[in-house]
Amino acid sequence: MPGDPVLTTSAPPAAASPSVYPNGPLSPINRAQTASGTVAQLQPPSDLWERIRAGFAMPDLQGELVTDREQWYASRPDYIQRMTERSSKYLFHIVEELERRNMPTELALLPYIESAFNPQAVSSAKAAGMWQFMPATGKYFDLKQNAFRDDRRDVLASTRAALDYLEKLHRMFGDWHLALAAYNWGEGSVGRAIARNKKDGLGTGYQDLRMPDETRLYVPKLQAVKNIVANPQAFRAELPLIENHPYFQQVLITRDIDVALAAKLADVALADFKALNPSAQRPVIIASGTPQILLPWDNAKVFQRNFEAYTQGQYASWTAWTAPATLSVSDAAKRIGMSEADLRGVNNIPPRMLIKAGSTLLVPRTEKTNNDVAGHIADTAQVAFAPEVVTRRSTVKARKGETVASIAKRYGQSAASVAEWNDVSANAAFKLGQQVVMFLPVRASTARKAAPARSNVKAVQRSPGKTVIKSKKR
């Protein structure tokens, strides 16, 4: 019997704060003191926006750049509406994590600047996810990126990593604006800019440093969004109601399961399921690598009930297969028993590429391969490609006493290939001076230049994975 899924909440409850008793005469308190945690509120806010506003703790930035960004956002109400509605799935969890770490709640608005709260966003520089992690930075903060998942897109993992990084940067620079600049520009770049200004006797605050335009606008963008959230009426903006309640629950899974089936068992639209589980890059979720899925709060128990009652066969229709050698896509597809087009599609294999030995591919389950994917494969699976070999048809003269095997060895080819090209047996011998047909590799750049320019040369597919340039007889 498969293990039962287990429900957990989106975050552990925060430790209870010690009671605070008055010492001396009572005096009025301000909003900042209320938000600090030293004074307990009688009733939690019903609106998450109110909770976010209460936790604002960063100094305000002012100036023309902030005003410019305020006007930019205010003139695009549809954009604000789409962006804030998209964020409603994730904001509660982020605010919970910020408060648990005693960090300013302005940082919950940062994904508006980074990705418009799109966990599938990818920048031209290959930064990915809601928090826009570069591949190397993601690896530094333990965000796994492999053939089956990209944790830079994962809601829980990427939020944990982003807040870890922001805390680290704040410790380094002692200033939230500089920490944000470093998040965008890099800690080394900000450190060098500060050192230059110190050397020149200049200020070392965010607005004092020389920096790229993108970084110069970064904190003003966040400040503009903060100002709109703080007072939407002033900008004629409408923020959707986001209840001060967890949007999702974690559901632990112990079996690989197709994405489409998981959404069906949870009674959740596929698009909504993917929005909560964006790190799954394939049509199956590998339990040993991603042992939990996120589901809307009320759908978690629906999934559990339907999962336990499911009797229509296996949960996953896919598994992993490791290429035993470097293969053409067509050869790999034949070995697996699927079409070349389907193999390319599900594994994102580009054209004119070979699959390198050791690559892990997603393939259909069969009676022989019906096990869930092992943990070490789920955590380390990679797919690597090599360009197909381009060859040219040539003829060479056989030397005295030469055989198929000796010519094959001389040119680094297999005896079977030489025998096939010349329609002889693999142990055949050639006469002195006999013309022997060979298909020899040429550099791809040479092939690209030469092939179009000569009318007596054409590219043909000689064997799996090898594009051949063949002379045509006039």
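This is a predicted model: local features need pLDDT of at least 70, side-chain atom pairs count only at pLDDT 80 or more; totals for chains, interfaces and linings use all residues.
1. Overall make-up. The chain contains 20 helices and 13 strands, and 45% of its 474 residues count as buried. Among contacts in the chain with a separation of 6 or more, 68% are accounted for by residues 24 or more positions apart.

2. Helices H3 and H4. The axis of H3, which covers residues 64-74, comes within 6 Å of the axis of H4, which covers residues 77-87, and the two cross at roughly 85°. On the H3 side the contact is made by Trp-72, Tyr-73 and Ala-74, and on the H4 side by Pro-77, Tyr-79, Ile-80 and Met-83. Sorted by class, this contact of H3 with H4 has 7 nonpolar residues, with no polar and no charged ones.

3. Helices H15 and H16. Here H15 (residues 329-336) packs with H16 (residues 340-347) at an angle of about 100°, the axes being 8 Å apart, and this angle makes H15 roughly perpendicular to H16. The residues that meet are Val-329, Ser-330, Ala-332, Ala-333 and Ile-336 from H15, and Glu-340, Leu-343 and Arg-344 from H16. By class, the contact of H15 with H16 has 5 nonpolar, 1 polar and 2 charged residues.

4. Aromatic pairs. The count of aromatic pairs comes to 13. In the pair formed by Phe-133 and Phe-141, the ring centres are 6.4 Å apart and the planes stand at 55°, so the pair is classed as tilted; the class follows because planes under 30 degrees apart count as stacked and those over 60 as edge-to-face, with the rest taken as tilted.

5. A charge over a ring. Apart from the ring pairs, the ring of Phe-56 has the charged end of Lys-226 sitting over it, at 5.2 Å from the ring centre.

6. Helix H19 and the residue after it. Just after H19 comes Asp-423, which takes a positive phi of about 55°.

Key
Residues are numbered from 1 along each chain as its sequence is written. Side-chain values use heavy atoms; hydrogens and water are left out. Rings of Phe, Tyr and Trp (its six-membered ring) pair if their centres lie within 6.5 Å; planes under 30 degrees apart count as stacked, over 60 as edge-to-face and the rest as tilted. A charge sits over a ring if NZ of Lys or CZ of Arg is within 6 Å of the ring centre and within 35 degrees of the ring normal. Axes are lines fitted to C-alpha atoms, for helices over the stretch in contact, and angles run from 0 to 180 degrees between N-to-C directions. Helices (H or I, at least four residues) and strands (E, at least two) are DSSP runs, numbered from the N terminus. Contact means heavy atoms within 4.5 Å. Ala, Val, Leu, Ile, Met, Phe, Trp, Tyr, Cys and Pro count as nonpolar, Asp, Glu, Lys and Arg as charged, and the others, Gly among them, as polar. Angles under 35 degrees count as roughly parallel, over 145 as roughly antiparallel, 65 to 115 as roughly perpendicular and the rest as oblique. Buried means under 20% relative accessible area, exposed over 50%, partly exposed in between (1.4 Å probe, protein chains only).
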